[in-house]
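Visitor: Please show me the structure, and then I will ask about it.

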Amino acid sequence: MTLAATACLLATGPTTRTAAETHGFLSPTGVEIAFVLVGLVTFGAALVTVTTRQLVHAALWLVVTLGGLAVEYLLLTAEFIAWVQVLIYVGSVVVLLLFGLMLTRAPIGRSPDADSGNRWAALTVAVAAAAALVWVVVDAFRTTWIDLDGPAAGSTEATGASLFQNWVLPFEALSVLLLAALVGAIVLSRKAKAAAATAAGSTPDTRSTPATGSTPGTGRTPAPGSEKEGTR
Amino acid sequence: MNDVLDVILRLLIVFVVFLTFPLIIGQTEHKVMAHMQGRLGPMYAGGFHGWAQLIADGVKFAQKEDVVPAGADRRIFQLAPAVALLPYLLVLLAIPIGPDEGAVGQVIDAGVFFVLAVMGVGVLGSLMAGWASANKFSLLGGLRTAAQLLAYELPMLLTAASVAMAAGTVSIPGILDAFEWWWLPWQIVGAIVFFVAGLAELQRPPFDMPVADSEIIFGAYTEYTGLRFALFLLAEYAGIVVLCGLTTVLFLGGWHGPWGADGLGWVWTLLKTAVLAFIVIWLRVTYPRLREDQLQKLSWTLLVPLSLAQIALTGIVKVVIQ
């Protein structure tokens, strides 16, 4: 049990049991209130992520969003999933994203071109996906309540047992999918390299352009230059 | 009420450790480096062998003006030191120093995952600092930090997974309870890989390409002054404490020792941590800085295969002894 959850348990210790019997929406427990508040913060951060005009700020708001999700997992007693969420998404995916931004263009201040004409289509898709997910989750777990006093339902042991006893096939299928993506990425990068090498062999003067042709903007301005572009 | 008091007391102790241990390591570094190079190091502050040098440094840092460059992204620039420092405070909570319930800040079920996840977040602080400073050298430093983290996170995770496999649990006290002396030769490759990858994640020499003071003027921290700069330095030394403590509890058996196991376990933990911290300082004085490509090569062609081999070995031995 983590500190946050312990603190919540401490705060609501005597009332948890009675609330667990009635499950009234009008008498929420401390954990439920915390869950809703963190959910609101996460939602707000997610909104800012997609609406802000400052690229790096968007990435940093994404950190808040993903961290908020991890806290929600914690409050649902899924401790293992929460740490994996922090490890993979906050620790690696966002760092990779920031690395990519800094390597290409990450001006300080607003980017005038950080907007898309597809904004309404994107909004429609997002709302549809959210509605579908909410509907599925509500339909699946309508009357299920997590017993906070009992053994943690999402402990490492419980997660591992259910993953490798009931869900082995999807797990393995996913790992094969990831392996395929990995091999594909290597093949693609090697092909680009080979193409660049042959192009460089024919025209040695323009060696940098074919290599960056597939990803526009990468080699156009070096990172410090684009950063200066933003500050001036 | 007793529980609340207990929580507050634990937090307080961890906080005190967090504030004092990095200073002790910093002072040791001053002295050890000096003696290895035939100097005396700080001798005046505080009287006895310059013991108060770092306190004097702290006072000096606090007096300096807190400058934010005009072109910088103000809020992120100011937030970065906190993001760099706080994760190490959280990690310290999960490192046990003794066998009983009272000797750890907080028992965490998936402790190994917790510490590695939270340590990875600390690097975001350097990235934010590097970007928000509006300085070429800072941005270069930030880029190098990110590249280094992406390369060294993997071997660190894999070797930690190897220990977790050996113990059959991801809880740190659980791993220590399962520890036997012969794990030391069994997991030695993993231990070395973990320690080296951890050094790289902390950007300590010889892996200090991202801060390379003689080339890119301290990288992401170029524009920082006063207390904020001091916080980054504190984060580095707190990182040493955390890394040495983690290597101790995961690979060197923490409180287990040849004798005096009952009651004196915490002495063993501290002793092993101190020896590892000495090695960190020693490496700084001994090795030249690795170039960026050498750095990447070391990780991808040496450490990752070694850690995979360690996992295979762990798996085989585990199956055989069952």
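Visitor: How many residues does the contact take from chain A and from chain B?
Guide: This is a predicted model, in which local features need pLDDT of at least 70, side-chain atom pairs count only at pLDDT 80 or more, and totals for chains, interfaces and linings use all residues. Residues are numbered from 1 along each chain as its sequence is written, while chains are lettered from A and ligands numbered from 1 in the order in which they are written. Two residues are in contact if their C-beta atoms, placed from the backbone, lie within 7 Å. The contact takes 33 residues from chain B and 31 residues from chain A.

Visitor: Which helix supplies the largest share of the side of chain A that touches chain B?
Guide: Helices are DSSP runs (H or I, at least four residues), numbered from the N terminus. H1 (3–22), H3 (55–75), H4 (79–104) and H9 (223–231) of chain A each supply at least two residues of that side. The largest share, 15 residues, comes from H4(A).

Visitor: Which residues of chain A does Phe113(B) touch?
Guide: Residues up to four places away in sequence are not counted. Phe113(B) touches Val170(B) and, from chain A, Phe80(A), Trp83(A), Val84(A) and Leu87(A).

Visitor: Is Leu40(B) buried or exposed?
Guide: Leu40(B) lies in the loop between helix H1 (2–36) and helix H2 (53–63) of chain B. A residue is buried if 20 or more other C-beta atoms, placed from the backbone, lie within 10 Å of its own, exposed if 12 or fewer, and partly exposed in between. Leu40(B) has 10 other C-beta atoms within 10 Å, so Leu40(B) is exposed.
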